[in-house]
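Please look over the model shown here before reading on.

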Number of protein chains: 2
Amino acid sequence: MPSDLWCLIFLSVGAYFVTCRLIAKFRDVFVRANLFGIDLCKSTGAEVPEAVGVLCGCVYLVCMFLFIPARFGQDFIQQKENFPHHELVEYITALLGVTCILLLGFADDVLDVPWRVKLLLPAIAALPILLVYYATFDTTFVMVPKPLHPVLGQSLDLGWGYYLYMGMVVVFSTNAINILAGINGLECGQSVVIAISVLIFNSVEVFMGEVSTHPHMFSIHLLLPFIATSAALLRYNWYPAQVFVGDTFCYFSGMLFATVGILGHFSKTLLLFFIPQVINFVYSVPQVFRFVPCPRHRLPRYNKVTNNIEMSTVRFKESDLKFLGRASVSILESLGLLAVTRNLGENKDFIECNNFTLVNLVLKFFGPMHEQSTTIIILLIQLLCSCVAFAIRYPLARLFYDV
Amino acid sequence: MPSDLWCLIFLSVGAYFVTCRLIAKFRDVFVRANLFGIDLCKSTGAEVPEAVGVLCGCVYLVCMFLFIPARFGQDFIQQKENFPHHELVEYITALLGVTCILLLGFADDVLDVPWRVKLLLPAIAALPILLVYYATFDTTFVMVPKPLHPVLGQSLDLGWGYYLYMGMVVVFSTNAINILAGINGLECGQSVVIAISVLIFNSVEVFMGEVSTHPHMFSIHLLLPFIATSAALLRYNWYPAQVFVGDTFCYFSGMLFATVGILGHFSKTLLLFFIPQVINFVYSVPQVFRFVPCPRHRLPRYNKVTNNIEMSTVRFKESDLKFLGRASVSILESLGLLAVTRNLGENKDFIECNNFTLVNLVLKFFGPMHEQSTTIIILLIQLLCSCVAFAIRYPLARLFYDV
């Protein structure tokens with residue numbers, strides 16, 4: 001194993017302990033600064049510090065900064081002529097994107113900006129990555145799957161479409177983690193599972209060594225300290241949560257995945273590790289786009305008596321729905337993916353169905369259960385999907401691409 | 001003028017208007033998020049949004065991101081082989097440092113971290129700059145003034161000392177602006193004056209073209225959008241202030257100056273433009289290092305009747321002072337730089353003197369006056385010092401260095 005990797009592992013272990021210490025020490029500072037939330041799935045009503053992901057992000061950054069001399073110092077001394085400038089540019093640009101999203105995410109947590117602005121933030125943070133990509137590499141070719149070779153040729157130049165695609169990867173991955181959320185340990189847990197899956201994928205690629213290993217080493221370098229700092233945060237965010245991670249962390253982790261995917265040139269494979277998030281997003285569409293009424297909070301309902309959480313529901317007049325709303329309710333209901341109760345209210349013209357999130361869907365299938373069990377089940381689903389992703393990436397990809 | 005400079009001027013003008021609009025639009029959001037302060041030099045007691053510098057910083061970043069393709073896109077197309085990678089690295093590293101200090105500054109404004117941590121923040125943000133410098137350039141030679149040639153030779157390798165020096169430039173310049181503060185328009189005004197002075201210096205160097213113009217163009221590129229966004233902030237921070245700039249802005253502007261100084265290779269000249277800040281710092285030393293008691297706020301005292309501001313004072317027993325405290329009081333008093341009243345209190349053993357800041361010193365010399373006049377006088381001093389700086393840099397430097 002290269003010596004810089006040992007150095008990074010050492011730094012990451014340090015980062016884990018530093019993050020733990022900082023969280024324990026600064027917890028009260030967040031509450032005093034009015035940055036806290038009430039945990040709606042508990043009966044204590046305690047003030048839980050919010051946006052603590054910013055500490056995790058800062059430690060991550062310092063760790064990555066300290067890694068610069070270990071990673072590039074040797075190159076500089078040994079091969080001044082052939083110094084891998086483009087690798088340094090990639091590395092620093094990735095950090096710039098991450099720092100940017102931490103700033104915007106934290107500003108969002110503090111200032112609580114409106115929804116339209118929220119969608120813009122990841123796009124702003126993606127700017128340096130896309131623009132540096134444009135000013136330096138500007139390769140917009142993609143490989144075409146074998147069955148399409150006769151039509152499109154071996155590769156296809158997407159031009160500006162490729163930049164649009166990369167921008168969409170960023171906006172999707174940042175928001176995907178942000179909307180699969182609401183119960184203790186979920187945001188952080190899924191990020192750790194995804195990060196470890198991607199890390200395994202990168203390691204396999206490096207060991208197989210069939211193609212250039214550089215992009216995968218790059219990804220490994222970015223992921224290791226992320227896993228360490230997120231694990232520290234998860235420790236405090238696990239049931240019963242002592243801190244909340246905030247939009248800061250969701251944006252941070254989403255941005256990091258998008259960055260390694262784009263600059264590591266495996267953005268399509270990356271999306272395979274986001275299967276639960278894709279399912280959650282597709283399932284959420286009727287409420288996100290307001291085909292069906294969407295309450296402010298969609299997290300599960302807490303039952304004080306049983307200390308379990310149950311599906312949360314939304315109640316509305318079916319006659320108020322437009323075509324798309326009615327279609328989504330009836331299709332999901334017939335597929336058994338939506339719990340619907342009809343003929344409610346005085347005039348029997350109200351219906352009630354569960355909110356359209358993966359968390360509620362899990363509670364529909366498994367019944368009311370403890371909050372911690374719900375998190376564990378969803379993380380197991382995430383793990384299972386990672387296995388599926390590997391199955392798709394390795395045996396199946398050979399059918400469609402020349403490897 | 002190169003076409004990319006036109007593009008940047010265009011972007012900067014846009015940045016000015018966008019910043020104005022954002023400040024006007026988001027002002028209330030800051031107050032709602034509990035980010036506000038009471039202006040102690042007004043009788044209204046209104047809640048003034050605090051830390052608004054973060055908006056200015058975000059617009060600055062977006063502007064710099066958008067400039068990347070204009071600055072480097074042409075180079076990439078025309079000279080793929082000789083693409084100036086190290087310039088791109090410098091550029092992105094500078095932005096990384098700025099983004100980092102914005103994140104830390106904003107976190108400081110929100111969380112109100114303790115003093116010891118405050119001093120650490122600029123050092124953290126300086127890390128990427130120093131480490132990238134180490135991993136890529138690692139030139140630690142300085143030119144020796146002519147009179148010292150016989151002793152030290154033409155140039156001197158400072159080794160690690162050079163990194164220490166650069167770190168100190170960052171810590172000094174960020175804190176220097178932060179402690180010359182407290183009245184409307186001062187933080188922002190001095191930053192604009194310094195930025196314009198440095199910009200003129202860079203332009204002169206580029207036009208004279210005696211040495212490599214690249215570092216000075218780099219500095220110009222970083223300063224133009226800064227002047228635009230700071231001017232927009234100044235408009236709202238000018239008397240009577242509608243917004244406060246926050247530590248965010250002070251750190252941001254200090255970091256930016258340090259960055260252009262270090263990566264533009266003119267960090268010694270840069271310090272010449274900080275003469276008022278150096279005077280303020282030296283004058284503050286007795287209170288900053290607690291030789292003399294230091295109250296929590298040292299800003300001038302507001303007189304409701306006259307609507308003027310007056311020196312603020314600190315009262316203590318002279319017998320409580322240690323040697324250094326007694327020495328600083330008596331030396332400053334004998335130089336006419338400190339207003340001291342003795343024999344106060346019941347036992348006539350208390351003395352009272354003005355707080356050790358440049359703002360109070362100005363009020364000592366010119367007498368109580370309107371807040372706006374005080375700001376204008378200090379900005380005029382800053383302007384005068386810039387003229388002195390040019391006088392030192394050009395005619396005098398020729399005596400000591402081979403130009």
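**Briefing on the predicted model**

Residues are numbered from 1 along each chain as its sequence is written, chains are lettered from A and ligands numbered from 1 in the order in which they are written, and side-chain values use heavy atoms, with hydrogens and water left out.

**Overall build of chain A**

- Chain A has 14 helices and nine strands, where helices (H or I, at least four residues) and strands (E, at least two) are DSSP runs numbered from the N terminus.
- The radius of gyration of chain A is 23 Å, which agrees with the value near 22 Å that a compact globule of 403 residues would have; the radius is taken over C-alpha atoms, and the globule rule is 2.2 Å times the number of residues to the power 0.38.
- Along its principal axes, the C-alpha trace of chain A spans about 80 × 60 × 35 Å.
- Of the 403 residues in chain A, 55% are buried, where buried means under 20% relative accessible area, exposed over 50%, and partly exposed in between (1.4 Å probe, protein chains only).
- Among the contacts in chain A with a separation of 6 or more, 74% come from residues 24 or more positions apart, a contact meaning heavy atoms within 4.5 Å.

**Annotated segment of chain A**

- An unreviewed UniProt entry carries the annotation "domain: DPAGT1 insertion" for residues 315-355 of chain A; the positions are given in the numbering used here, the feature names are shortened, and annotations may be inferred rather than shown by experiment.
- Over residues 315-355 of chain A, the chain is 29% helix and 32% strand, and the end C-alpha atoms are 10 Å apart.

**Backbone features**

- Most residues other than glycine have a negative phi, and most peptide bonds are trans.
- Asn34(A), in the loop between helix 1 (3-32) and strand 1 (36-38) of chain A, has a positive phi near 70° and is partly exposed, with a relative accessible area of 40%.
- Asn307(A), which lies in the loop between strand 5 (301-303) and strand 6 (308-310) of chain A, has a positive phi of about 60° and counts as partly exposed at 32% relative accessibility.
- A cis peptide bond with omega about -10° joins Tyr239(A) and Pro240(A), and Pro240(A) is found in the loop between helix 8 (214-237) and helix 9 (246-263) of chain A.
- In chain B, the peptide bond from Tyr239(B) to Pro240(B) is cis, with omega near -10°.

**Two residues of chain B**

- Ser12(B), placed in helix 1 (residues 3-32) of chain B, is buried with a relative accessible area of 5%; leaving aside neighbours within four places in sequence, Ser12(B) is in contact with Cys63(B), Leu224(B), Pro225(B) and Ala228(B).
- Lys268(B), found in helix 10 (residues 267-272) of chain B, counts as partly exposed at 48% relative accessibility, and, not counting residues up to four places away in sequence, Lys268(B) touches Tyr165(B) and Tyr401(B).
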